[in-house]
Amino acid sequence: MSYRIVVDPKKVVKPISRHIYGHFTEHLGRCIYGGIYEEGSPLSDERGFRKDVLEAVKRIKVPNLRWPGGNFVSNYHWEDGIGPKDQRPVRFDLAWQQEETNRFGTDEFIEYCREIGAEPYICINMGTGTLDEALHWLEYCNGKGNTYYAQLRRKYGHPEPYNVKFWGIGNEMWGEWQVGHMTADEYARAAKEYTKWMKVFDPTIKAIAVGCDDPVWNLRVLQEAGDVIDFISYHFYTGSDDYYETVSTVYLLKERLIGVKKLIDMVDIARKRGVKIALDEWNVWYRVSDNKLEEPYDLKDGIFACGVLVLLQKMSDIVPLANLAQLVNALGAIHTEKDGLILTPVYKAFELIVNHSGERLVKTHVESETYSIEGVMFINKMPFSVENAPFLDAAASISEDGKKLFIAVVNYRKEDALKVPIRVEGLGQKKATVYTLTGPDVNARNTMENPNVVDITSETITVDTEFEHTFKPFSCSVIEVELE
């Protein structure tokens, strides 16, 4: 089979949800403290927010930010993190076995979201927490009346409601590592109860229920709570020292997401309600297992991330919400040091795709040679196989005003550049800019000393209705065309 891409800019397939580009912050290692928030640092502002991190986060236009966990949330009591900082209690976090100062809490999180232009996504405690506690948190955030917690928010200097839309109904409650973990029946009943009463208080919220790899668990949740929830979550961690094992799992993820969608369609109440999938934790994670989890990302991990973002553009009607785990340091797209930061190849994937994509997916046909591979997942040690993974993948989109076309192309081939014929229906001769993420080899990394080993380059080319372009090996490119 040869390689070929055909794009029809006039045939809009569907809108692309901007929320597929979301991120996740947890009280884990140096994600919060020493990551986005570092009081006393010369690099921080008067609020304690790291200014260099803020600048980098704004550059990738984070649409939603999940917090405070993750495993951390299952023994987190939100009232510990409000009010005067010096009066907040220090607690022991059971999930990550570290002291939690509570100096970064709900108000700081909302302020951070407002600063970066992100929708807050709060995950509630269903481990040691209660329904009352969840309702009080919702009231504190979204209450408009004269009730106790709405007034408490005002007392602490925030007169207007936060209007938090996304609420996670617990985190990974199926796992034995989770404080207060539950059976499928226990969780399904609790998820329905929590969601039902939270929506009595605020019917506008979107509830994300806990899902997993177990279809029995997912079916039980969908059958019991499918008439009240809006999303069921799915988490995906991958990675290997082998290049093809890592990048091929883009298509393992695709297969898993399609499997969850089939389960939704099997359950009448969930299908009729239009329950969607939230891929609210995903990333490469296989090298580190300590409590800081500062995974050092290289170019192949960035190419995997590009592949996931291209996949999500094509699947955002099914998976309209996603969150990279995580934003800073702990499995972080950004890595901080005391005197600066490193933008990893995973960050660069977001910088490329977020800033060079349109809001509407257009019809795209891709022809590619394929390969098959077997491997073992790092997290659960389960074997996997991927059949017919393409060496070349692409998604095309146009801007809301129809004036720009973006053709995102991933060349997964490790060994070869690919000279690819491209047809763009009705285009005619135009100038275009090609933005390409790549580096000297698949294991290349950015460091404080050499921060741009893996980076995005640009070149100007001429395109036409029919043209060819050579894509570098292990690269992701976006051809950006001015249509008007």
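## Overall dimensions

Along the principal axes, the C-alpha trace spans about 65 × 55 × 45 Å.

This is a predicted model, in which local features need pLDDT of at least 70 and side-chain atom pairs count only at pLDDT 80 or more, while totals for chains, interfaces and linings use all residues. Residues are numbered from 1 along each chain as its sequence is written, and side-chain values use heavy atoms, with hydrogens and water left out.

## Secondary structure and domains

The protein contains ten helices and 23 strands, defined as DSSP runs (helices: H or I, at least four residues; strands: E, at least two) and numbered from the N terminus.

Domain 1 comprises 4–11 + 362–482, and domain 2 comprises 17–358; these bounds come from an automatic or database domain assignment. The contact between them takes 49 residues from domain 1 and 45 residues from domain 2, where contact means heavy atoms within 4.5 Å. Taken over C-alpha atoms, the domain centres are separated by 28 Å.

## Burial, contacts and surface

Of the 484 residues, 61% are buried, that is, under 20% relative accessible area with a 1.4 Å probe, protein chains only. Among contacts with a separation of 6 or more, 74% join residues 24 or more positions apart.

## Two buried loop residues

Met-126 lies in the loop between strand S6 (119–123) and helix H3 (131–142). Met-126 counts as buried because its relative accessibility is 3%. Leaving aside residues up to four places away in sequence, the residues touched by Met-126 include Ile-169, Met-173, Met-182, Tyr-187 and Tyr-194.

Val-454 is located in the loop between strand S20 (430–438) and strand S21 (455–463), and its relative accessibility of 0% means that Val-454 also counts as buried. With residues up to four places away in sequence not counted, Val-454 touches, among others, Leu-299, Pro-345, Leu-437 and Arg-445. Val-454 and Lys-165 are 289 residues apart in sequence and 36 Å apart in space, C-alpha to C-alpha.

Definitions and conventions
Buried means under 20% relative accessible area, exposed over 50%, partly exposed in between (1.4 Å probe, protein chains only).
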